[in-house]
Amino acid sequence: RDGSIHVLAAAGYFYPRHTQMEIKAGGLVSSTSTEGSDFDASGEGLVLGVQHQLPCQVTGSLEYSRISDRGKQVNSLPDAAGNAVKAETDRDTIGIGLQRGMGRHTTISLNYGYSRSTANIPRYSYRQDVWSAGITYDF
């Protein structure tokens, strides 16, 4: 074990009248501790999402999140100018998904997520595309 993270999150859900829509809004705070302390950080984040019933018994979802982490210690890697700094990272993620029930116990899903992480330490910045598909069976 080289680290641990503790997260406290809360979310609220809103169901507009006369629609088949669910709106979600929430926030989180986190604390990360690691061996070597390069990734020790405090963070906060925001999550917004909407889910809606589409034709053919398909449910569509769209979600956005922004998470900001601030390092607790000076990092062993320098910033772009070569200075010793505490890491500061902002991560934006947008996801879209489709889900459909296939009988009483089975659901299939297809999801796409795009993340962009920007940091004051260049090595910690990245862009990422993630596709996933799944089959869930509830017992």
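**Exercise 1.** Classify tyrosine 137 and phenylalanine 139 in this predicted model by accessibility, then classify their ring pair.

*Solution.* Start with tyrosine 137: its relative accessibility is 47%. Buried means under 20% and exposed means over 50%. Tyrosine 137 therefore counts as partly exposed. Next, phenylalanine 139 has a relative accessible area of 92%, so this residue is exposed. Now take the rings. Their centres lie 5.2 Å apart, and their planes stand at 75°. Planes over 60 degrees apart count as edge-to-face. The pair of tyrosine 137 and phenylalanine 139 is therefore edge-to-face.

**Exercise 2.** Trace how β6 and β7 are connected, then examine tyrosine 112 and tryptophan 131.

*Solution.* β6 covers residues 106–119 and pairs antiparallel with β7 over 12 bridges. A hairpin of 6 residues joins the two strands. Tyrosine 112 has tryptophan 131 in β7 as its bridge partner.

The structure holds 3 aromatic pairs. In one of them, the ring centres of tyrosine 112 and tryptophan 131 are 4.8 Å apart, with planes at 45°, so this pair is tilted.

Finish with accessibility. Tyrosine 112 is partly exposed at 22%. Tryptophan 131, at 61%, is exposed.

Methods: Residues are numbered from 1 along each chain as its sequence is written. This is a predicted model: local features need pLDDT of at least 70, side-chain atom pairs count only at pLDDT 80 or more; totals for chains, interfaces and linings use all residues. Side-chain values use heavy atoms; hydrogens and water are left out. Two strands pair if DSSP finds at least two bridges between them. Helices (H or I, at least four residues) and strands (E, at least two) are DSSP runs, numbered from the N terminus. Rings of Phe, Tyr and Trp (its six-membered ring) pair if their centres lie within 6.5 Å; planes under 30 degrees apart count as stacked, over 60 as edge-to-face and the rest as tilted. Buried means under 20% relative accessible area, exposed over 50%, partly exposed in between (1.4 Å probe, protein chains only).
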